[in-house]
Amino acid sequence: MHSKQIRSWLRLFLAMVLLITGAIPAGLFNSKAAAADEPLTVAQALAMESKDSSATVEGYVVGTFSNGPSVNLNSPFTLDTNFAIADSPEETNISKMMPVQVPTSAPRSIFGLQSNPSLYKSKVRINSASLETYFTVNGIKTTSSTTFQLIGETPETKVANVTANPSSGTVPAGTKVTLATTTVGAAVYYKQNDDTDYLPYTVPITVNDATYIETYAAKDGLENSDVTNFDYTIVDNTPISISSARNQSENTPVTVQGIVTYREESGGMANLYIQDENAGIVVRGTDSTVEPGDRIEAYGPLTIYNGLLQIEKDKAGFPGGYIKILDKNQEIPAPITLTSKDFMPAEGGGKGAGGIFEGMLVEVNEVTVTRSSSSTFYATDADGAEITIYAKNSPTALEAGKTYEKVTGVMTYHTSYGLELIPRTAADVVENLLSVTASAPSGGIVKGLTVTLSSPTAGAEIYYTVDGTEPTQTSTLYSGPITVDEDTVVKAIAVSGGNTSDVYSFAYTVLQELDNLRIHDIQGASHKSLYDGLAVQNVEGIVTHVVNASSFYMQEIPGKEDDDVKTSEGILIYKSSHGMAVGNKVSISGQVKEYATATTELATTEIVATAITLEGENQTLPEPVILGKNGRMIPTVIDSDQFGEFNPEVDAIDFYESLEGMRVQLDQATIIGPYSSEPGLAVVVDNGENNPLRTPAGGVILTGDGAEPFESSLNPQRLFINKKPSQAVKTGDKLADSVQGVMTYANGNYKVAPEGNLPAIISSDLKQATTVIE
């Protein structure tokens with residue numbers, strides 16, 4: 001039958017259905033489409049000169065877009081918010097692709113590549129789409145009139161077959177199996193094992209023993225799907241020792257149990273270092289609740305990442321991986337003492353004899369740091385070999401040229417660097433053995449948790465106070481963990497062989513919860529968050545600025561701020577391939593971290609996300625904070641008290657910290673120098689009585705207003721905009737309109753990341769001076 005005849009037949013068929021039923025719900029036929037009015041190809045849509053117009057476009061789904069722009073062409077796909085289409089399902093040239101925005105109403109269960117991997121290389125049609133810039137290229141955005149369709153060669157007459165996740169195979173007991181069909185509006189029916197009657201599928205099916213599932217899907221007006229079968233057997237996931245697991249071959253599924261000694265966030269997932277009586281290993285997976293001291297059970301295949309052996313719970317294509325907490329607040333195993341010889345590579349490269357300690361908590365003694373590079377330090381001991389200490393959590397705790405009596409941390413490995421020791425916190429770096437350390441560093445602590453005191457000196461007695469007085473040998477003798485139910489300062493001394501240590505203080509602020517916090521709770525009135533290192537859940541915000549494919553800023557939902565100018569309402573979020581867009585309303589779970597690129601840099605408070613839940617799109621952005629005399633006045637002093645007090649009304653370094661990650665507005669900004677890529681475009685705004693001294697040309701003048709004679713405050717009223725103007729600029733030029741953007745920090749300066757292009761430049765009347773020599 002010719003295509004025109006097919007179209008005529010289909011129109012007649014649909015008209016009859018409408019007459020019979022009286023009405024068809026909107027979107028009923030959106031999941032499959034037969035022939036209709038000819039849509040644009042991707043090439044035609046890309047070539048259209050008229051932008052911001054409406055069109056229908058058809059193409060094959062070939063991947064997902066991210067900032068750059070770049071396209072992920074291979075599964076597994078990690079987002080549902082967009083996909084890339086091309087005229088060929090095998091296309092790899094990004095210039096022949098278009099990004100397509102996928103709203104929740106599409107629905108994403110069908111048109112999201114993460115939720116529906118079978119969409120890959122399927123042909124789709126986007127009806128009444130808006131052709132406009134998306135990911136900085138010609139793209140397709142959706143409106144309230146946009147609909148999505150899967151394209152078939154003939155009209156849909158039969159319901160799509162049911163799929164199962166996970167599919168047939170060997171799974172752990174307790175695995176939940178979900179059933180689904182891509183036909184919108186179809187109902188799924190199933191029966192198990194020896195059942196005679198089909199039941200409607202409503203919730204996931206729990207598999208506790210060998211299970212056979214028979215299923216089909218039905219929808220009025222269409223032929224039932226084929227009957228499909230899924231067969232599950234139960235894996236023997238009896239836990240084995242970690243040392244036994246380490247001897248298995250790569251990709252072998254294993255189940256182990258151990259106590260978590262360290263947790264780090266990496267690429268949106270948690271790396272959990274666990275160990276039992278004899279060995280350690282890294283467990284990698286999405287989890288926002290496991291903390292050091294938890295005894296866990298983990299199941300997944302063994303994988304190797306840059307030489308590091310790990311159990312990868314969420315490996316693509318592997319069904320049933322899990323991490324579950326068996327016991328909370330267990331005693332962390334004592335570290336194993338190593339020497340520099342244990343860090344030596346094997347002859348010819350690779351892990352040496354010390355590789356058996358990979359994943360375990362270890363310590364080295366009497367080490368001298370010989371050199372450093374950023375947060376990596378190189379040390380030696382009496383054995384003369386070199387120890388690599390990767391102090392990413394505490395880069396200021398070590399210093400080249402100093403000797404440390406003990407450094408504790410987990411043993412990791414990287415093919416480029418060999419075996420490395422990672423201190424968990426600054427407390428793992430001990431300059432003096434006769435000292436006191438605490439299981440939790442000063443800062444925030446959840447109410448009711450305990451703090452364990454210890455001394456690196458074996459047999460030392462510890463005396464402590466919690467009432468603010470200085471401890472002596474008549475104070476309370478430490479005998480067990482201290483429960484923290486209120487804000488507490490623990491002061492302690494260690495006594496051994498007639499010697500008494502210095503006084504060590506640990507100040508704790510009680511935190512009521514880690515769930516449903518607001519951004520200002522996490523930021524606090526400080527340069528360092530009380531929640532640093534803790535896993536938080538369900539932190540809400542609106543995306544205000546996308547930095548790149550791995551980072552974005554979000555800000556508090558309007559109306560939920562705390563009205564305290566000292567606490568920022570914005571925060572940086574890190575998650576690889578996050579897929580977020582400005583205006584998204586999101587809920588974040590992950591680990592709070594104070595991130596600094598070097599020891600000389602201020603830290604930026606961020607959440608390393610393990611989960612991002614999209615709660616809405618195209619939300620109104622929070623109002624920006626105006627800087628200057630019509631808003632918040634910028635102080636004239638950078639730091640008057642060496643970080644002794646957090647006072648944004650006095651110190652500019654505290655002022656900008658209180659705006660970290662928030663939207664700000666610069667009105668009538670004056671340019672005070674030519675643009676440079678680093679630190680950016682320097683400007684000032686009208687700052688009222690806090691205006692700096694200016695030159696006739698409009699520049700700023702350094703004055704002797706510093707803390708010491710012949711020192712200057714360096715005019716912290718100046719601001720940097722992280723954007724190159726469209727034309728050359730000079731001192732005294734002005735921006736014709738306000739600049740709005742997010743307050744960021746990098747390379748020693750706070751900078752405004754502007755939204756969109758900069759306003760037009762109004763040139764100053766300043767002319768080059770000339771003279772004539774006769």
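In which strand does T605 lie? T605 sits in strand β44, made of residues 604-616. Welcome to a short tour in close-up views. The model is predicted, so local features need pLDDT of at least 70 and side-chain atom pairs count only at pLDDT 80 or more, while totals for chains, interfaces and linings use all residues. Residues are numbered from 1 along each chain as its sequence is written, and side-chain values use heavy atoms, with hydrogens and water left out.

**View 1. T605 is a buried residue of strand β44.** Its relative accessible area is 1%; buried means under 20%, exposed over 50%, and partly exposed in between (1.4 Å probe, protein chains only). Helices (H or I, at least four residues) and strands (E, at least two) are DSSP runs numbered from the N terminus. From T605 to V650 there are 45 residues in sequence and 22 Å in space, C-alpha to C-alpha.

**View 2. K751 and E678 meet in a salt bridge.** The N to O distance here is 2.6 Å, and a salt bridge is a side-chain nitrogen of Lys or Arg within 4 Å of a carboxyl oxygen of Asp or Glu. K751 belongs to strand β52 and E678 to the loop between β47 and β48, so the pair ties together parts that are 73 residues apart in sequence. K751 is buried at 3% relative accessibility, whereas E678 is partly exposed at 38%. The whole structure holds 27 salt bridges.

**View 3. E470 forms a salt bridge with K491.** Their closest N and O atoms are 2.9 Å apart. Because E470 lies in the loop between β34 (461-465) and β35 (476-477) and K491 in strand β37 (residues 488-496), the pair ties together parts 21 residues apart in sequence. E470 is partly exposed, at 48%, and K491 is buried, at 16%. Elsewhere, R518, E540, E556 and K560 are linked in a network of salt bridges.

**View 4. A cavity is lined by residues that include F65 and M580.** On a 1 Å grid over the protein atoms alone, a cavity is a set of points where a 1.4 Å probe fits but cannot get out, and lining residues have an atom within 4 Å of a point. How many cavities of 30 Å³ or more does a search of the whole structure find? It finds 1, and the largest cavity has a volume of about 50 Å³. Also in its lining are S66, N67, F135, A549, S577, H578 and G579. The lining divides into 4 nonpolar, 5 polar and no charged residues.

**View 5. Q668 and N747 have positive phi values without being glycines.** Phi is near 50° for Q668 and about 50° for N747. Q668 lies in the loop between β46 (663-666) and β47 (670-671) and is exposed, at 64% relative accessibility. N747 is placed in the loop between β51 (739-746) and β52 (749-754).

How values were computed. 1 Å grid on protein atoms, 1.4 Å probe; cavity = no way out; pocket = protein on both sides within 12 Å on 5 of 7 lines; lining within 4 Å. Points joined across faces, edges and corners; volume = space filled by probe spheres on them. Nonpolar A, V, L, I, M, F, W, Y, C, P; charged D, E, K, R; others polar.
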